Structures are given as structure tokens and as C-alpha cells.
Amino acid sequence: MARRILPGLPLTLGITLVYVAVIVVLPLGALIFKAASLGPGDYWTIISSDRAVASYRVTLLCAAAATAFNLVFGMALAWVIVRYRFPGRRIVDALVDLPFALPTAVAGIALTTLFASNGWFGSALSTLGLKVAYTPLGIIIAMAFTSLPFIVRTVQPVLEELDGALEEAAQTLGASDGEIFAKVLLPQLFPAILAGLSLSFARSLGEFGAIIFIAGNQPYETEITALLAFIRLEEYDYPASAAIASVMLMAAFLMLAITNILQTRALRYTVKG
Amino acid sequence: MKIRLDTIVKTFDTFRAVHGVSLEIESGELVALLGPSGSGKTTILRMVAGLEYPDEGAIFFGEENATDIEVRNRGVGFVFQHYALFPHMTIGENIAFGMKVSKTRRSTAEIADRVADLLRLVQLDGLKDRFPAQISGGQRQRVALARALAVDPKVLLLDEPFGALDANVRRDLRRWLRKIHEELGITTLFVTHDQAEALDLADRVVILDKGRIVQTGTPEEVCRTPENAFVMNFLGDANRLRATVTAGRASVNEILFDAAGIPDGPAELFFRPADVIWREDGSGIPAVILRVIDRPDSKRILAVTADGQHVEFDTAPEFPFRTTARGTLEILRPRVFSTTPA
């Protein structure tokens, strides 16, 4: 053998294939199989029903809003953690991962308690005429809470690796702070931001536990797609549940594919020629 | 543009990097700041650029006090050791960057023309659409220079510009930079820790140690009349023998050397490895050969004097003597420096 790389191709490839087959492909295959047991007409009727379409709209819009919120807030957080030294920086850094560690149902209950009309935040906001719990705003907050770490943790390492001399070079060439951010920093952070956005968005689409407590779950108003699939499941309507789930699956696939294409294009400068 | 530094002081946390440095660089001059790491040379360069702010003192560009002018308005071209090219921009876009963000509006065609001119100047025509990752280190540094020149800087500042390159590429680039400087006549200040580079390239060399200027002069002046032991040592290989000075004469192993103007007391005698003549017997300093090292154009002899001090010197490749041979050292062009602090 010319060159040995531990722990060896057969072992690692074997584990990878078994894992992908059993843990990823099998359940998803079963889902598609179940959905396919419906005829095309029935399938279309289920996935295009008014209630289902309303749930897609709620889920997509809320996920988009939560991701947009996290884009701004997560970038700022990553920036502060990487660029500045202040007391409590390490605590902030550690707290970012908390939404990953916390059971989402716990997060949902805590958020509901805070934002209910008699909660700490909810009572203050209600004096401003703003209602959060049991509205789409509540869904957005729950989604933003659980998906925040994605943006921070994808942008942070890239930001740390950025060569400070690039910013200095841009300064000596006469660029303003805004120009340096837009033309020097952002293009280099863009692939990481894109990855963070897609993960954050995907997580928001799929979030369930944190949302159902705060959403109120009114059909057509605050009912997310994942909940609708769950309701069909509880009604023992497995094919309908699978059909709705398959729409989410396709949406996730489509989004990840688009992200990959954009990322490859954004990183074309790193290819040696 | 003439540059003048007036008693610049810079302290980082508790470390004083630059102690009251004053320096004048004439318009069109090419000056090297030469010193070991930690000598403050890069800090001085960065203060001239405006990337660091001096704690005390002032920096003048011509008659104008530039100390408080922001980097982006100072009109300097800065070349970084590791190039600092924007990785996501092509070579052409890198060079055009300064013109695009400039307050002086230029048309796209004007910018394209200037980029083409600069690429020709740095001999990289045809690489306009490559990315920095796709060209060699020497090419990247030339792009960095073209990018710095694109904004018509009043002053060109280079921070160890060839430090990250191979020896051969370095030598070529040095000669090339000298040529460009002669063509453009732009006031240039560069930092290096490599004495050969400084002597090869600069009109004037400023030698720094521990945040202070220890000597300033043309390459000839600093080589032929080093003012102290640090300069003597730093500019090249130097031998050092203990000596005692009495009444303007330095004594080493009872051999006397001229030491006019050196105060009485302990001192050191310095000489270059090329400034030694070996004799089988004679009136020089007695020594024994320890080792002979062959080099392409000479032999380097390692010897020890009768009182146990080590000496290295260079001879012609035909030098017949071998290890354990005894003889004497005649020293040409010796320099004596007092070891009592002034």
C-alpha cells in the first residue's frame, strides 16, 4: 500500500454507509413510501388543502422572519465575541450554545410564560398594544431562539481567521469603514453567513417543541406545518401525515441545494488554477 | 514628499516599543529601517502610515503635520509582509480597489487603463483575471505594490516586503524594486531585518535597536564606520576579542591596536572574518585551528586563541592548513569599542 491514512478507508466508509442507510435514508424512504401509497389526486388534494397551504405560509414566513432576525443579531454577537475583549465575554460565548442544549419544550414553556399577557415581557408589551404569545410573533421568537447558535457558530470561526492586514490595507487605500465592511469583510464572510442562514432556516422550518406552546395553534392562523403533520398522525391518518411531511422534506432539500450552489459560486476564488 | 519624525514615542501596554525617534527622509529617497525583531522598526513604519498612533511626538509630511490625519486620508501606499491581497477579488480588482473607493471619481475606462499600466509596470500583464490564490508569492507581492501605487501615494511604505519569499526571488525583487524606485522617484521607507537587503536597496540605512536609532548613514558609511558594537555585529559576521585600552592603545594578548578616542578600561576588538591573515609564525595573535569548513568560494576557518577565545575567518580555497595547525592571526581593519556603558 502506497500510503496509509488512519483509520483506513474500508472502516470509515463502511460506518458512513451503514449510518446513512439506517439512520437517514431508511426513515426518509419510509416516509416517501407512505406518501406514495396515496394516488396522485389524493396526494395533491391533501398537500394543497387550504389548511395545509396556510400552515406552509405561516411556517415559511415565520422561519424567514426568524432567520432575518438572527442574521442581524447573530452577526452582531459573533462580531462582538471575536473582535472585542470585555468582562463576561466567555460567558456570552458559552450562553450562545444554550438553545442547543435546552430541551425545546422547556424553551417553549419558558418563552410562553414570559410573553403571555400576564408574563414579565408580555404584560409590558401588551401596554404597547403588542401581543406576542399565541400570535405569529410568538412563533418567530421561538424559532429565533432555537436557531440563533447556527449563525453565530458558522460566522465566528471565519471571522476569527480573517487577516486584520486586509482591513488595514483597505484603509491605506482610502476606503471608509462602510466600504471596508461591504467590500472586504462581507464577501469573505458570505459563504459562512449563507451556511448559517440555511441551517437556521432549516431548523426553524422543522422546529416543533418550542413553538407549539407559544403559538396557540389556531388552524389558518398560527398552525405550523410540523404540527399539522403531527395532528394527522394522531388521527391515525398516516398517509396524509406523510404527504405533508414530504412537502417539508422537499422544501428542505431544495433549500440546501440552492445554498450549496450559491456557496460554491461564492468560494470560486479559493480554487487554485 | 519629505517625511520628518520628531521625537516619536510609542508604548504598548507596558512595553516601550519606540523611545523618542527623530528622523528625516528627503523627498525621493529610499530609506531602510534595519533592526532585529523588537527593535521598533515596524511600529515606526505603521505610525508613519497612520496605522498606529504615537503617544508623543509628531510626524510631518512636507511642512504639514500629518500626526492626526487618518490613514485613509494620509495618501500613503503600504505593502504588507504577507501581501494582504483581497482573496475574493481578482488581481485586476485588487489593483483597482483604491481607485474605486477614492473620492476622486474615475470612469471605468480610466480605471481599466490604469490597471493595465500598473500590471505592465510590475510585469504581470495577462494575470488580471486570476485570483491571488492562483499566483506565486513573488507575483503576489508585485500585485500588492501595484495596488499601493494605484492611488498615487505621496509616500511608499513597505513592511518586510520580501520576508516571506525564497532567497532567489528576494534578490530579483530587490533589484526590480530599486529599478521601479528610480523610475518613479517616490519617497520610500521600508522595514527589514536583513542587512543584505537594506545595503543592497537603500540610499540610506537607519539602524535600530530596542526602540532607538543607533546609526544612520549611507550603506558605505554604516559598513565602513560602524559607530558601535551593535552596528558592527548586526551588519555581518564579526569576531570579538577581549581587550584593554590604555592611553589610546588597545591590547589583546599583548598585541597593541590603535584605539584613539576610546576611554581607558575594558573594551572589545571587532573584525570581519575576511580581515584576517593566517601565518605559520609571526607577530600576530597565537591561535590553533579547530575546524575547516569548505564553501564554494572560500574556506571558513574556526580557530581558538591561546587564551581560549574563538575566532572565525575566511581564506582562499587553496588554504593548506588543517585542524590542530598552529599559527598566528594578523588582524586588518580592527575596530575597538569600549564595553563600559557611556
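So, to start: what domains does the domain assignment give for chain B? Two of them: domain 1 covers 3-230, and domain 2 covers 237-338. Before I go on, please keep in mind that this is a predicted model. If you take the centres of domain 1 and domain 2 of chain B over C-alpha atoms, they sit 40 Å apart.

Let me do the two chains side by side. Chain A is helices, 13 of them, with zero strands.

On dimensions, the C-alpha trace of chain A spans about 70 × 65 × 30 Å along its principal axes. For chain B, the spans come out at about 80 × 45 × 35 Å. As for burial, chain A has 273 residues, and 34% of them count as buried. Chain B has 342 residues, with 40% buried.

What about contacts along the sequence? In chain A, take the contacts with a separation of 6 or more: 76% of those are between residues 24 or more positions apart. Do that for chain B, with contacts between residues at least 6 apart, and 64% join residues at least 24 apart.

Okay, on to how the chains meet.

Now the sheets in chain B. One is an open sheet of six strands, and if you want to trace it on screen, the order is S6-S7-S8-S3-S9-S10, with mixed pairing. Its edge strands are S6 (76-79) and S10 (212-217) of chain B, and each of those pairs on one side only. Ignoring direction, neighbouring strands in this sheet are turned by 15° against each other on average.

Inside that sheet, have a look at strand S3 (residues 30-34) and strand S9 (residues 204-209) of chain B, which pair in the parallel sense over four bridges. One to click on is Val31(B), whose bridge partner in S9(B) is Arg204(B). There's also a helix packed on this sheet: H5 (residues 137-149) of chain B, which touches S6 and strand S7 (155-159) of chain B. The direction of H5 makes about 170° with that of S6(B).

The other sheet I want to show is also open, this time with five strands of chain B in the order S15-S19-S16-S17-S18, and the pairing is antiparallel. Why is one side of S15 and of S18 left without a neighbour in the sheet? Strand S15 (276-279) and strand S18 (310-315) of chain B are at the edges with a single partner strand each, so one side of each has no neighbour there. The twist in this sheet averages 45° from one strand to the next.

Zooming in on that sheet, strand S16 (residues 285-294) and strand S17 (residues 299-305) of chain B run antiparallel and are joined by seven bridges. If you want a residue pair to look at, Ala287(B) stands opposite Thr305(B) in S17(B).

Next, a helix pair. The axes of helix H3 (residues 91-101) and helix H4 (residues 108-121) of chain B come within 10 Å and cross at roughly 125°. That angle makes H3(B) oblique to H4(B). The crossing of H3(B) past H4(B) is right-handed. The residues making the contact include Ile95(B) and Met99(B) from H3(B), with Ile111(B) and Leu118(B) among those from H4(B).

Last stop, one residue: Phe61(B), in strand S4 (residues 56-61) of chain B. Is Phe61(B) buried or exposed? Phe61(B) is buried, because 20 other C-beta atoms lie within 10 Å, and 20 or more is what counts as buried. Setting aside neighbours within four places in sequence, Phe61(B) is in contact with Met1(B), Ile3(B), Ala66(B), Lys154(B) and Val155(B). Val143(B), meanwhile, is 82 residues from Phe61(B) in sequence and 26 Å away, C-alpha to C-alpha.

That's my tour, so over to you.

How values were computed. Residues are numbered from 1 along each chain as its sequence is written. Chains are lettered from A and ligands numbered from 1 in the order in which they are written. This is a predicted model: local features need pLDDT of at least 70, side-chain atom pairs count only at pLDDT 80 or more; totals for chains, interfaces and linings use all residues. Domain bounds come from an automatic or database domain assignment. Two strands pair if DSSP finds at least two bridges between them. Helices (H or I, at least four residues) and strands (E, at least two) are DSSP runs, numbered from the N terminus. Axes are lines fitted to C-alpha atoms, for helices over the stretch in contact, and angles run from 0 to 180 degrees between N-to-C directions. A residue is buried if 20 or more other C-beta atoms lie within 10 Å of its own, exposed if 12 or fewer, and partly exposed in between; C-beta atoms are placed from the backbone. Two residues are in contact if their C-beta atoms, placed from the backbone, lie within 7 Å. Angles under 35 degrees count as roughly parallel, over 145 as roughly antiparallel, 65 to 115 as roughly perpendicular and the rest as oblique. A crossing is left-handed if the near helix is turned anticlockwise from the far one by less than a right angle, and right-handed if clockwise.
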